[in-house]
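Reader: I'm new to reading protein models. Could you walk me through this one?

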Amino acid sequence: MRNRLIRKVIKYGADILISENMLLEKAFIQHGATNVFEHSFNVACISLFIVYILHLKVRERDLVRGALLHDYFLYDWHKDDHEGPHGFTHARCALKNARRDFDVNNVEGDIIEKHMFPLNIAPPKCRESAIVCAADKASAVIEFFRIKKLQFKYDENAPKS
């Protein structure tokens, strides 16, 4: 199943994964020793895993793309105080950057904007947003405790379908 999840994320998010700004995320640490790029990829894979084990009906493409872009804030939050405390402001910054660089639909936008619920007060409007919100928290725990067997790795040479 692991390879299936990875292939799906690559299929739906190939343009995001190879974009110049997304690749910049490899320079920014997110949790523990995991960078923002790796974290975003993990969140996308874990989101699909939740969908599959719970047999949920979702817009998979939107789910994956929103998950990949949920932390698309493009700065080092450990060093930069970017428009206020990171936990409260980075979702809006990520959404602004995502809309600038990609064609973000309403579901993807809600995922990006609401992934920090309940820290950000507005709750998710769609199932995909709630799933990414949960996957983001799970991924943070996995990364903080460095549980390697539960992390997903992006391989640029993996098949796209």
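Author: Let's begin where α3 starts: a side-chain oxygen of asparagine 35 comes within 3.0 Å of the backbone nitrogen of phenylalanine 37. That is a polar contact (N or O atoms within 3.5 Å; within protein, one must be able to donate a hydrogen and the other to accept it, and residues adjacent in sequence count only if both atoms are side-chain atoms). Helices (H or I, at least four residues) and strands (E, at least two) are DSSP runs, numbered from the N terminus. This is a predicted model, where local features need pLDDT of at least 70 and side-chain atom pairs count only at pLDDT 80 or more, while totals for chains, interfaces and linings use all residues. Residues are numbered from 1 along each chain as its sequence is written, and side-chain values use heavy atoms, with hydrogens and water left out.

Reader: Which element has the highest mean pLDDT?

Author: pLDDT is the predictor's confidence in each residue, from 0 to 100. The chain averages 89, and 88% of the residues score at least 70. Strand β1 (residues 29–31) has the lowest mean, 73, while the highest, 98, belongs to α4.

Reader: How far apart are the end C-alpha atoms of α3?

Author: The expected span of a helix is 1.5 Å times one less than its number of residues. With 19 residues, α3 should span 27 Å, and its end C-alpha atoms agree, being apart by 27 Å.

Reader: How many residues of α3 are buried?

Author: Buried means under 20% relative accessible area, exposed over 50%, and partly exposed in between (1.4 Å probe, protein chains only). α3 is mostly covered, and of its 19 residues the buried ones number 15.

Reader: How many salt bridges does a search of the whole structure find?

Author: Side chains of opposite charge can pair when their charged atoms come close. A salt bridge is a side-chain nitrogen of Lys or Arg within 4 Å of a carboxyl oxygen of Asp or Glu. Searching the whole structure gives a count of 10.

Reader: Why does the salt bridge of arginine 65 and aspartate 15 tie together parts 50 residues apart in sequence?

Author: In this salt bridge, the closest N and O atoms of arginine 65 and aspartate 15 are 2.7 Å apart. Arginine 65 is buried at 5% relative accessibility, but aspartate 15 is partly exposed at 38%. The pair ties those parts together because arginine 65 is in helix α4 (residues 60–69) and aspartate 15 is in helix α1 (residues 2–17).

Reader: And in the salt bridge of glutamate 128 and arginine 59, where does arginine 59 lie?

Author: The closest N and O atoms of this pair are 3.1 Å apart. Glutamate 128 is buried at 3% relative accessibility, whereas arginine 59 is partly exposed at 44%. The partners are 69 residues apart, with glutamate 128 in helix α7 (residues 127–144) and arginine 59 in the loop between α3 (36–54) and α4.
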